[in-house]
Amino acid sequence: MDFSSEMPIEDPEKRAIAEKALLNYKICRHCGAKNPINATKCRRCHWTLLRPKKAKLKR
Ligand SMILES: [Zn+2]
């Protein structure tokens, strides 16, 4: 049998998930730590000012 291993890297569905994962976090304005998107406080310094990560994906 001939198994041609094709990895669909350009799978738009997988890419959408990957892009979403990259955008799904917040950055602490105080210490710059990465926090979950649903976090209300920084897990490192407990600062409450978190900004969503702005990632521009250029291809
Ligand atoms: Zn912090």
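**Leu 23, with 14 other C-beta atoms within 10 Å, is partly exposed.** A residue counts as buried if 20 or more other C-beta atoms lie within 10 Å of its own, as exposed if 12 or fewer do, and as partly exposed in between, with the C-beta atoms placed from the backbone. The model is a predicted one, in which local features need a pLDDT of at least 70, side-chain atom pairs count only at pLDDT 80 or more, and totals for chains, interfaces and linings use all residues. Residues are numbered from 1 along each chain as its sequence is written.

**Helix α1 comprises residues 12-23 and has the lowest confidence among the elements of the protein chain, at a mean of 81.** Helices (H or I, at least four residues) and strands (E, at least two) are DSSP runs, numbered from the N terminus. The pLDDT, which is the predictor's confidence in each residue on a scale from 0 to 100, averages 83 over the protein chain, where 76% of the residues score at least 70. Where pLDDT is low, the predicted coordinates should not be read in detail.

**Three strands form an open sheet in the order β2-β1-β3, with antiparallel pairing.** Strands β2 and β3 (50-52) stand at the edges with a single partner strand each, so that one side of each is left without a neighbour in the sheet. From one strand to the next, the twist averages 40 degrees, where axes are lines fitted to C-alpha atoms and angles run from 0 to 180 degrees between N-to-C directions. Two strands are taken to pair if DSSP finds at least two bridges between them. From the N terminus on, the order of elements in the protein chain is α-β-β-β, made up of one helix and three strands.

**Strand β1 (residues 25-28) is joined to β2 by three bridges, and the two run antiparallel.** Two facing pairs can be picked out here: Lys 26 stands opposite Asn 35 in β2, and Ile 27 stands opposite Lys 34 in β2. The hairpin of β1 and β2 has five residues between the strands, and within this hairpin Gly 32 takes a positive phi near 80 degrees. Strand β2 (residues 34-36) has the highest confidence, at 93.

**Three bridges also join β1 to β3, again in an antiparallel arrangement.** Leu 50 in β3 is the bridge partner of Cys 28. Pro 52 is likewise placed in strand β3, and is exposed, with 11 other C-beta atoms within 10 Å. The C-alpha atoms of Pro 52 and Ile 27 are separated by 6.1 Å, for residues that are 25 apart along the chain. Among contacts in the protein chain between residues at least 6 apart in sequence, 22% join residues at least 24 apart, a contact being a pair of residues whose C-beta atoms, placed from the backbone, lie within 7 Å.

**The loop between β2 and β3 contains Ala 39.** Ala 39 is partly exposed, with 15 other C-beta atoms within 10 Å. If its neighbours within four places in sequence are left aside, Ala 39 is in contact with Lys 26 and Leu 50. The separation of Ala 39 and Lys 26 is 7.7 Å from C-alpha to C-alpha, over 13 residues in sequence. Thr 40 lies in the loop between β2 and β3 and counts as exposed, with 9 C-beta neighbours inside 10 Å; Thr 40 and Lys 26 are 9.4 Å apart in space, C-alpha to C-alpha, and 14 residues apart in sequence.

**His 46, in the loop between β2 and β3, has a positive phi near 65 degrees.** Most residues other than glycine have a negative phi. His 46 is exposed, with 10 other C-beta atoms within 10 Å.

Conventions:
Two residues are in contact if their C-beta atoms, placed from the backbone, lie within 7 Å.
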